[in-house]
Amino acid sequence: MKFLRGYFLSLVNPQFVPIALKVAVVIGSLLFAINHGAAFVQGQMTRDRWISATLTYLVPYFVNIHGQYISSSRRL
């Protein structure tokens, strides 16, 4: 339980957020282009595709925060 509480707090930790945002933008954009690029260009983005596209950016953010959180907790 302590781990989850710490992880959720780290999602908005000013020390972790800048790097995680950069990773999310770069990796998320690459994945967006691969997975949704054709539909976006052709104007075929449905509601479900937009939800999926949002997750395309959120998952790299969450994974990066997790890595930073684990790394910082091991140093303590």
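Reader: Which residue with a positive phi follows α2?

Author: This is a predicted model: local features need pLDDT of at least 70, side-chain atom pairs count only at pLDDT 80 or more, and totals for chains, interfaces and linings use all residues. Residues are numbered from 1 along each chain as its sequence is written, and side-chain values use heavy atoms, without hydrogens and water. Helices (H or I, at least four residues) and strands (E, at least two) are DSSP runs, numbered from the N terminus. Phi is near 70 degrees at the residue that follows α2, Gly43.

Reader: What pattern does the protein follow along the sequence?

Author: The protein has 3 helices and 0 strands. Read along the sequence, that gives α-α-α.

Reader: What is the radius of gyration of the protein?

Author: The rule for a globule is 2.2 Å times the number of residues to the power 0.38, and the radius is taken over C-alpha atoms. For 76 residues the rule gives 11 Å, and the protein is well over that, so it is more spread out than a compact globule. The C-alpha trace spans about 50 × 20 × 15 Å along its principal axes. The radius of gyration is 15 Å.

Reader: What does α2 span between its end C-alpha atoms?

Author: α2 covers residues 17-41.

Reader: Where does α2 bend?

Author: The bend at a residue is the angle between axes fitted to the seven residues ending there and the seven starting there. In α2 that angle is about 60 degrees, at Asn35.

Reader: Which helix is included in what covers the buried residues of α2?

Author: Buried means under 20% relative accessible area, exposed over 50%, partly exposed in between (1.4 Å probe, protein chains only). The buried residues of α2 include Ala24, Gly28, Phe32 and His36. Contact means heavy atoms within 4.5 Å. Among what covers these residues is residues 47-75, helix α3.

Reader: How many aromatic pairs does the structure hold?

Author: Rings of Phe, Tyr and Trp (its six-membered ring) pair if their centres lie within 6.5 Å; planes under 30 degrees apart count as stacked, over 60 as edge-to-face and the rest as tilted. Phe32, Phe40, Trp50 and Tyr57 form one cluster. The count of aromatic pairs is 7.

Reader: What is the angle between the planes of Tyr7 and Phe8?

Author: Tyr7 is buried at 13%, while Phe8 is exposed at 52%. Their rings lie 5.7 Å apart, centre to centre. The pair is tilted, with an angle of 55 degrees.

How values were computed: Expected span 1.5 Å × (residues − 1).
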